[in-house]
Amino acid sequence: MPTPLMTRRLFCLAPFGLAFLALAPLAAQADTWPSKPIRWVVAYPAGGGSDFLARQLAPALGAQLGQTLVIENRPGAGGMIGTDVAAKAPADGYTLLTGDNGAMVFNSAMYKKLPYAPGDFTPVGFMARFPLILVVNPNSGFSSARQWLDEVRKSPGKYSYASPGIGSPHHLAMELLKERSGSFIVHVPYRGTAFSTQDLIAGVLPMGILDTAAGLPHIRAGKLRALAVLSPKRVPQLPEVPSFAELGLKGVDVAAWQGLFVPKGTPEPIVKRLTAEMQKAIALPEVKARLEDFGLEVAPSDGPTLGRFVQQETQFWHALIRERKLAAD
């Protein structure tokens with residue numbers, strides 16, 4: 001028969017026992033993971049930059065994990081539809097999400113209400129970034145970034161620019177560029193990069209911001225002219241194109257970045273293995289070469305590094321969005 005002292009000890013140890021029982025299934029799940037195909041949610045249409053990145057990494061990552069990775073495109077509402085789908089998925093390691101500036105940073109400031117919260121996810125690691133480029137139609141009359149700066153500064157409201165949509169990295173990049181350069185250029189948002197690019201080539205609008213994946217083919221073909229990159233230094237794919245920093249315009253460093261996320265609560269051993277395998281897949285010479293040729297800057301990291309980066313981005317961009325009174329609804 002238990003003594004009072006034994007009863008007290010058993011009572012004190014009970015919470016630890018319950019915690020162990022609660023964690024035991026997660027540990028067992030991590031030991032057997034993955035035992036079935038994994039879906040990779042991309043919140044943008046097939047054929048775009050986010051889709052390309054996922055489809056280049058999926059075969060290598062799947063081979064390393066011993067399972068098939070199935071890309072699931074869920075476009076719409078500035079990435080909110082697909083992101084919400086992933087947020088509501090079981091936290092069991094069988095749903096991955098490509099998260100970007102919009103989903104993880106901009107949307108929570110641009111929209112009054114989101115169906116998900118960035119905190120609904122655990123970061124796995126940074127994957128890559130798309131450098132952004134100020135481009136113009138060859139018949140626009142702009143021949144250099146310095147000339148462009150002089151002209152837009154002295155003619156506020158005269159010019160319009162195209163972006164793939166409200167709240168896109170391209171939109172926010174131009175808003176930062178306008179703020180830093182003291183200029184005013186009218187924003188014309190489109191429903192996706194394909195449409196904005198089409199009108200830039202046609203000369204419907206004289207200028208816009210494009211990422212390297214979308215812009216490089218048209219720049220190389222002479223259909224668009226690159227004036228400057230919004231990076232700290234020149235990018236390898238466009239060695240002849242200056243950065244704004246070279247021109248004396250500081251603080252214009254923006255890219256459309258891509259990170260890998262899983263639903264919050266995914267067992268830590270699964271997250272850590274995903275991080276390690278993702279870094280290994282991105283480092284494969286053939287994969288890295290294809291990504292860089294497409295215009296990506298490969299920059300893998302671990303989850304904590306990505307988490308800190310998202311916090312820094314959120315602080316900076318939310319302040320700019322409030323200051324410029326930007327909104328998507």
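This is a predicted model: local features need pLDDT of at least 70, side-chain atom pairs count only at pLDDT 80 or more; totals for chains, interfaces and linings use all residues.
Author: Residues are numbered from 1 along each chain as its sequence is written, and side-chain values use heavy atoms, leaving out hydrogens and water.

Reader: Why is α2 called roughly antiparallel to α10?

Author: The two helices, α2 at residues 49–65 and α10 at residues 285–293, pack at an angle of about 175°. Their axes are 10 Å apart. Angles run from 0 to 180 degrees between N-to-C directions, with axes fitted to C-alpha atoms over the stretch in contact. Over 145 degrees counts as roughly antiparallel. Therefore α2 is roughly antiparallel to α10.

Reader: Which residues of α2 meet α10?

Author: Contact means heavy atoms within 4.5 Å. On the α2 side they are Phe 52, Leu 53, Gln 56, Leu 57 and Ala 60. They meet Val 287, Arg 290 and Leu 291 in α10.

Reader: How is the contact of α2 with α10 made up by class?

Author: It has six nonpolar residues, one polar and one charged. Ala, Val, Leu, Ile, Met, Phe, Trp, Tyr, Cys and Pro count as nonpolar, Asp, Glu, Lys and Arg as charged, and the others, Gly among them, as polar.

Reader: How do you know whether the span of α2 agrees with its 17 residues?

Author: The expected span is 1.5 Å times one less than the number of residues. For α2 that gives 24 Å. Its end C-alpha atoms are 24 Å apart, so the two agree.

Reader: Why is α2 called mostly covered?

Author: Buried means under 20% relative accessible area, exposed over 50%, and partly exposed in between, with a 1.4 Å probe and protein chains only. In α2, 12 of 17 residues are buried. Among them are Gly 49, Asp 51, Ala 58 and Leu 65. Over the protein chain, 49% of the 329 residues are buried.

Reader: What makes α3 mostly covered, and what do its buried residues pack against?

Author: Seven of its eight residues are buried. Met 80, Thr 83 and Val 85 are among them. The buried residues of α3 pack against β1, β2, β3, α4, β4 and β9.

Reader: Is Thr 212 buried or exposed, and how do you know?

Author: Its relative accessible area is 1%, so Thr 212 is buried. The residue lies in helix α8.

Reader: What makes Ser 231 count as it does for accessibility?

Author: Ser 231 has 7% relative accessibility, so it counts as buried. Its place is in the loop between β8 and β9. With residues up to four places away in sequence not counted, Ser 231 touches Pro 131, Ser 243, Val 252 and Asp 253.

Reader: Why is Lys 288 called partly exposed?

Author: Its relative accessibility is 33%, so Lys 288 falls in the partly exposed class. Lys 288 lies in α10. Beyond residues up to four places away in sequence, Lys 288 touches Ile 282 and Val 298.

Reader: What makes the phi of Ala 77 worth noting?

Author: Most residues other than glycine have a negative phi. Ala 77 has a positive one, near 55°. Ala 77 sits in the loop between β2 and α3. At 43% relative accessibility, Ala 77 counts as partly exposed.

Reader: What is the phi of Lys 325, and is the residue buried or exposed?

Author: Lys 325 is not a glycine, yet its phi is positive, about 55°. Its relative accessible area is 74%, so Lys 325 is exposed. Lys 325 lies in the segment after α11.

Reader: How do you know which kind of peptide bond joins Trp 33 and Pro 34?

Author: Omega is about -5°, and the bond is cis. Most peptide bonds are trans. Pro 34 is in the loop between α1 and β1.

Conventions. Helices (H or I, at least four residues) and strands (E, at least two) are DSSP runs, numbered from the N terminus. Angles under 35 degrees count as roughly parallel, over 145 as roughly antiparallel, 65 to 115 as roughly perpendicular and the rest as oblique.
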